[in-house]
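Please open the model in a viewer and keep the selection panel at hand.

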Amino acid sequence: MATTSFTAPKLSSPTFQTLCRNLPLSLPIPKTLSSFSFHLSPFLSRFHLHHHHPTPRFHPRRLFAVRAESENGAEPLRHYDFDLFTIGAGSGGVRASRFAANFGASVAVCELPFSTISSETTGGVGGTCVLRGCVPKKLMVYASKYSHEFDESNGFGWKYDTEPKHDWSTLMANKNAELQRLTGIYKNILNKAGVTLIEGRGKIVDPHTVDVDGKLYTARHILISVGGRPFIPDIPGSEYAIDSDAALDLPSKPEKVAIVGGGYIALEFAGIFNGLTSEVHVFIRQKKVLRGFDEEIRDFVGEQMALRGIQFHTEESPQAIVKSADGSLSLKTNKGTTEGFSHIMFATGRRPNTKNLGLESVGVKINKNGAIEVDEYSRTTVPSIWAVGDVTDRINLTPVALMEGAALAKTLFQNEPTKPDYRAVPSAVFSQPPIGQVGLTEEQAIKEYGDIDVYTANFRPLKATLSGLPDRIFMKLIVCAKTNKVIGLHMCGEDSAEIAQGFAVAVKAGLTKVDFDATVGIHPTSAEEFVTMRTPTRKIRQSSESQGNMGHEAKTAAGV
Amino acid sequence: MARKMLVDEEMNQTNQEEAYYDFDLFVIGAGSGGVRAARFSANYGAKVGICELPFHPISSEVIGGVGGTCVIRGCVPKKILVYGAAFGSELEDARNYGWELNEKLDFNWKKLLHKKTDEIIRLNGIYKRLLSNAGVKLFEGEGKIVGPNEVEVTQLDGTKLSYSAKHILIATGSRAHRPPIPGQGLGITSDEALSLEDLPKHAVVFGGGYIAVEFASIWRGLGANVDLFFRKELPLRGFDDEMRAVVARNLEGRGINLHPQTNLTELIKTDNGIKVTTDHGEELIADVVLFATGRLPNSKRLNLEAVGVELDNTGAVKVDEYSRTSIPSIWAVGDVTNRMNLTPVALMEGTCFAKTVFGKEPSKPDYSHVPCAVFSIPPLSVVGLSEEQAIEQANGDVLVFTSTFNPMKNTVSGRQEKTVMKLVVDAETDKVLGASMCGPDAPEIMQGIAVALKCGATKAQFDSTVGIHPSAAEEFVTMRSVSRRITCSGKPKTNL
C-alpha cells in the first residue's frame, strides 16, 4: 500500500500534549503535523514506553461526557496525529471512518493484509462481510440455488439432455475475482473520503496511541472494529475440521460434508453444499435448528431443508473427529459415529477478535465471551476508546455495524450524540428456502406483551404448483392484542429476505394490523399474503392466567 | 354524506322486504370482484346467487368461467408464463456460476401450456368450491338484467331462468379489444396469446401498456424474436418517466426490438406469415401479431340501457364511491367500472360492497397508494406517486432519491442490467410520496414498502430502518443523498 509510507508520524501523545500546552493558543496548527512530528518522534516514542500516562477523567455520566467532548472546549488542548484511529476496516470500521472524515475529522484506519482466510495476521479491507461472510456466502447461495431451479424449470417445459454439472473451480475463480474487486472498491471508498489506510496489525498502547507493526500513531479517539472469527471447540481431531472461512474457499467440491451447528451459518452452508450436489449431514445439539428464532419458523425451515435432501442429526454433540487411513473423516458424537466425510465443517459460533489488541493493559473491559463492553454510544470503559460491530457482540449483522459506525461518527464529530437503535432490526437467513424476519418471535411477544394475536399462512406458491416440487411458504404476523401493532413478522420461503425489508419499515414505524389490512395487495405475489391475513390463527390471552399454567399450547389448540 | 345516509336508510328496511326476493344478492360474473362480493355477502348472512359463462381459456360474449380474467386469462396464466420464460435467462446466468449446460437448451412450449391449463382448471374448481362452501348458488349461463330487481340467466341449453333479487351486482369484467385496422382479424389478443398452439418464432406486439411489455418479455425469454410497437416515445404511459426509460432499456437489453412512436396500419396474410405494415412504412413478417391496445368493459349484452344503468363513453358502468350505479338496487365492481383495473382492487371493491350492503358498515374503497406490478423481465413495481405526479400535486419542493446499481447476482453472472430504485419525498413533510423499482423481485419487495407508504411513512422512518444484508431491497432504506430537488416554481422536467 502506497499509503503506508507517507503517514507515519511516530509520536507519543502524552509528551506531545505537554509540548503543545506551551504553544500559544492562537498558533495555527497544521492538521497532520507530519513535518513537525518527524523530528520529535524517535526519542519521544522511546520515552513514551516507560511513561504511564493517566487516563483523562471524564464526567461519570456518559451522555454528558459525550456531549462535552463532541462540543469542543472541555478537553485540554492537545494534538494528535489523527482525530480518529480505527483498528479494522470491515463494515463498521469503514463506515465510521468514512463518515468521520466526511464530518471533517482526520482519520486513519489499519487493516491486516487480504486473505480469504482470516487469522491473527490476515484480514483485508472490507472485513468479514465482504470477504468471508455475506458477500461470498450469497454468491455461493446464488450458485447453489441453480440446482433447485433446474428442477423447477423441468416443470415449466425446460429440458436438459445431460444433467447439468457443476464446475467448482469456475465458481471459486469468479467468486474470488469479485472479492478482489470489492476489496479494491472499499480501499477506494476510504481513499476518496480522505481516510489514511495503513496495512498492518493495530494494537492499542495507551488510550490515545495505536501501534501498527512497530509504528506508533496517536489519536484523539480510537475505534476498535476488529470483528469476530469462527470458533471451533477443542475436541480431539478438531484440527481436521474447517470453519466458514475455509468453507467459502475450498479447492474442490466436498463430496460428503458434515456440518456441526444449527445456527444460521450452518444452515446456509448446508443449503450451499446441498445445492452444489454434495451429500450433506447437519449435526445439531438441540431438537431443532436456529435457536432464538420463532419456533414455527424453526420447524418449517428444518422440514423444507430435509425435503431438499439435507440429513439432520438432532441432539447430537460432537465428541471427536477421526481421520481414517483412506483420508476420510468420521464424526463421533454422543449418539454414535458417522463415517466417510470428505469435510467436517464447524459452524459453532464466532468469537470477538479481542486477543492481542492490548486491551487489558489500557483498561478496556471485556466480558466473559471476549466481547468489548460498551455503553449505548459504543464507548468502552476507556473514554477515548470506542468499539462497534461484532467485536462488541451486540447484534452481529453488517447493517447493525453500519448503524453503529454511523452513529459513532455523528456522536464524535457532528455534535450529535447518537445511540444506535436496536428495535425492530430485520434479518435474513439465506438458507434454501430463506428466512426473513423483523421484530419479536411469538415466544418473545408472549413474554413481553402477554396478549397477542397470531396470523399464519402456510401455502404452496404458484411456482411450486407448476414445478411439482414440495416447496411451501410460511408466513406469520404477530399482533399486540391491546395496541393492534404488528410486533413481529416472519417468513420462510422464496424471496423472504427481499420481502421482509419493506415490512421492516412498517414494523419499525409502529404500524398496526389495520394498516396492513388497508394496504392493497400486489397480485400475484407471495408478499401480498401479508396484507390479506384476515382471521387470526390463534389468540393468546394471558388474562385468564389465574388458573395457573394455562400454557400457550393449550390456547393455541383452542384458538383456531 | 347524503349517499351514506341513503345506504343506512335502505338497510333498515331490509328486514321487512327480505321475503319478496328470491335472493338478497344476485351477482353477474364470477371473477375476482364478483366472487369476493358474493362470498362476503353470504358470510354476512345474505342469500346469494351468482351466474357465470361456461369455462374456456379464450373469452367471448358467451364464454368465461368461474375465476374470471385474473385466474383464467390474466394474472395467473401470465405469471406462469413469466416464470417459464424467466428460466431462459436464469439458465444463461448459471454458466458463470460454474454450471455446465448444453449449448442449446430444450424448451417444450406444449408442456408448459398444458401445465398452465391444468393449473387454471384446478383454480377454476377451487373458486367453484369457495362459492359453494360459502353457500352461494352458482348458475352457469349468461346473465342479463331485466329490471332493477330482476335478472334472467340463459343456460347452455337455451332455457331461461328468472330471479328476483334485492340487490344486483354487475361484475362482468372486461375483454381485450383489437384496433380497427385492415386485417385485424389476423392478430390475436392476450386471451389467445396465453393459449397459442406453438411458440412464435417472430412475434409482433402492438401496444405500450403492461400487457404488451409482459408478452414481449415472455416470448423473448422463450427465444422468439420480438418487435414491440407503441405510440408514445416510451412504453408504460402513466408510470414514472424515469422508470419507463429503465424498462425500455431493459427490454432492449434483453433483445426486444422497440419501435416507439409507431402504429401498425395493416396486417396481410402471406405464405411466409403475417405481413405487418407500420405508419413509418416499415414492413415485417411475423407469425404472431398481438394487439395489446387496451381492454373494454363487458357491458354490452347486459341490457343495462333498458333498465337505466348509466354507462360512460368507454362503456364502463358509472358508479358512485360505494360502487352503486344510477339504479339504487344495482351495483358494479371491478373492470366493468373501469376505475383501477387490478385484481386486488376488484377484491377491495367487492369487500366494500358486501360491507356496505350487508355488513351495516358503509365502506368506500380507498384508491390511494394502490401498489402494482408489471411482470416484464425484469419486473417493475410501484406504489404512490410518480415523480411527475408528485411535482404536479406537491405544494412545496419534491426530493427525489434514486439508486442505480448492479445487482449482486450479476457481478458473477456478468449480466449487464442495472436495478433502479426511486423514492419521491415531500420536502416539507418528509413523507414518502412514491416508490418505484425495476429489477428482480421488485413486486415482492414493493408490497411491504406499500404498507409503509399507505400509512404516511416519512423518509426518516425509512432511514431509521436497518437493512437486510445482502438484499436488493435494503437499498430502499439506505438512500442517503438526494439525487435532485425539484422546486415547485421551477419544475424542471424532461418531457419524455
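Helices (H or I, at least four residues) and strands (E, at least two) are DSSP runs, numbered from the N terminus. The model is predicted: local features need pLDDT of at least 70 and side-chain atom pairs count only at pLDDT 80 or more, while totals for chains, interfaces and linings use all residues. Residues are numbered from 1 along each chain as its sequence is written, chains are lettered from A and ligands numbered from 1 in the order in which they are written, and side-chain values use heavy atoms, with hydrogens and water left out.

**Chain A.** Of its 560 residues, 58% are buried (under 20% relative accessible area; exposed is over 50%, partly exposed in between; 1.4 Å probe, protein chains only).

**The interface.** Next, display chain B together with chain A. Here 79 residues of chain A are in contact with 78 residues of chain B (heavy atoms within 4.5 Å). About 6800 Å² is buried between the two chains, and carbon and sulfur atoms give 66% of that area; buried area is the accessible area (1.4 Å probe) that two parts lose on being put together, summed over both.

Which residues form the salt bridge between A:K159 and chain B? Select A:K159 and B:D106, whose closest N and O atoms are 3.9 Å apart. A salt bridge is a side-chain nitrogen of Lys or Arg within 4 Å of a carboxyl oxygen of Asp or Glu, and the rule finds one across this interface. Then select helix 4 of chain B (residues 75–94), which gives the most to the side of chain B that touches chain A, with 12 residues.

**Within chain B.** B:R415 sits in the loop between helix 12 (408–413) and strand 22 (419–426), 322 residues from B:D93. Both B:R415 and B:D93 are buried.

**Within chain A.** Return to chain A and select A:D421 and A:K508, which meet in a salt bridge (3.1 Å, N to O). A:D421 lies in the loop between helix 13 and strand 19 (427–429) and A:K508 in helix 16 (residues 496–508), so the pair ties together parts 87 residues apart in sequence. A:D421 is partly exposed at 22% relative accessible area, whereas A:K508 is buried at 12%.

Finally, select A:D294, A:E296, A:E442, A:K476 and A:R538, which are linked in a network of salt bridges.
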